[in-house]
Amino acid sequence: MERPAVAWGLEGVVVAETSLSEVDGERGRLVIAGKEVEDLSGVVTFEELCARLWSAVPGATPVPELKRALGMRRQWAFEQIPSLGRALSLPDGMDALRASLAQLTAEGHAPWELNLTLTAATGVFAAAWLRVRQGKNPIAPRPDSSHASDLVRMALGESSPAQAAGLEAYLVTVSDHGMNASTFTARVIASTGSDAVSAVVGALGALKGPLHGGAPGPVLDMLDGIGQGERAEGWLEQELLAGRRIMGMGHRIYRTRDPRAAVLERAVERVEKAGSRTPRLQLARAVERAAEQVLRRKHPDRPLRTNVEFYTAVLLDALGFPREAFSPLFACGRVVGWLAHIDEQRRTGRLIRPESRYVGPAPDAAPPAG
Ligand code: COA
């Protein structure tokens, strides 16, 4: 009997139907909950986006109530900090988030309540970790604030309207993105009947990797390493010669420029208009052009264009966040999508259980009977 081909990396394999988001890699389009990402980012609030993505979760509430409840859950999460042990002292922000969120329990909590708690706690713990890392005390949330504004203030000490708007645009942009690796991880865990805390903690582990959510910090390192636009091409050629990948470039699905790159580039422009000039925007544009050129020469048959992480790095830097906070901030946005997928998986999915092909040694001859 012919054995089925191995779908390495599950490329091209469709594992679910979803009403949450659609990634069109050929046309470079992203639809989240029925709207183009361009019509969401910088347009809707984080809370509105949560309401859109979680509309099917039992107990869903209108936006004003959701905003109030999310604020209360931030306060609750902040009160848990003394009982998190050394979780927030871990040097890596994703390790700290994983270790702190893992101490929550789903026991006795309704799905809607858990969505609010996990979203609130991800923001509060990420901000608190950054403060602890800088040798400062965590800042208590203001339940009346918007989530984005409170997150900026808890992390950086104060929050201007431009910073809050910039972070809000970022969180909305990265909230969901089809069957990406961390979302798939969350769905696999949810498919076993496990709880949302476990699924979110597993998803965080997947997001941490440099091929997924760990890229924006290295993008900033790359911009610093290049320093001036005219040096970009030679620097990038050397990277490829050394067998390294160019961070912020390439994507499994997009064969065009990632639509989120354009949206985030515009968000950086708005931050600049509001008065915080970033020296990195012009450099980033020059590096982007050079990277596309060198990658086109090296891989003429495979379009390797700019992905979301490239302008994530420029935007979060312009907002005043240090690079070690970039991946935890990605988690603050993506947790909304994970939670929506966990719910969808429970309602519509089956146990996710693919197969593997054994290529190990054959067992010794069967032992004699008896
Ligand atoms: N720089 C240099 N070469 C790259 C590249 C990059 N950023 N992205 C892909 N390639 C090359 C690979 O080396 C491979 O070349 P080969 O066929 O000669 O071995 C080819 O393109 C295909 O790569 P592959 O790993 O099969 O693509 P993928 O779909 O599995 O990878 C990413 C997608 C995102 C993991 C990949 O593009 C990457 O590593 N990008 C850099 C990290 C990054 O920005 N991650 C954030 C993603 S949003």
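This is a predicted model: local features need pLDDT of at least 70, side-chain atom pairs count only at pLDDT 80 or more; totals for chains, interfaces and linings use all residues.
Local features need pLDDT of at least 70 and side-chain atom pairs count only at pLDDT 80 or more, while totals for chains, interfaces and linings use all residues. Residues are numbered from 1 along each chain as its sequence is written, and side-chain values use heavy atoms, with hydrogens and water left out.

Me: What volume does the largest pocket have?
Reply: A pocket, on a 1 Å grid over the protein atoms alone, is an open set of points where a 1.4 Å probe fits, with protein on both sides within 12 Å along at least five of seven lines, and its lining residues have an atom within 4 Å of a point. Grid points are joined across faces, edges and corners, and the volume is the space filled by probe spheres set on the points. For the largest pocket this is about 1700 Å³.

Me: Which residues lie closest to the centre of the largest pocket?
Reply: The lining of this pocket has 47 residues. Those closest to the centre are Ala181, Leu211, His251, Arg252 and Ile253.

Me: Which residues is Thr312 in contact with, leaving aside its neighbours within four places in sequence?
Reply: Contact means heavy atoms within 4.5 Å. With those neighbours left aside, the partners of Thr312 are Tyr170, Pro216 and Leu264.

Me: What distance separates the C-alpha atoms of Thr312 and Ala261?
Reply: Thr312 and Ala261 are 51 residues apart along the chain. Their C-alpha atoms are separated by 7.7 Å.
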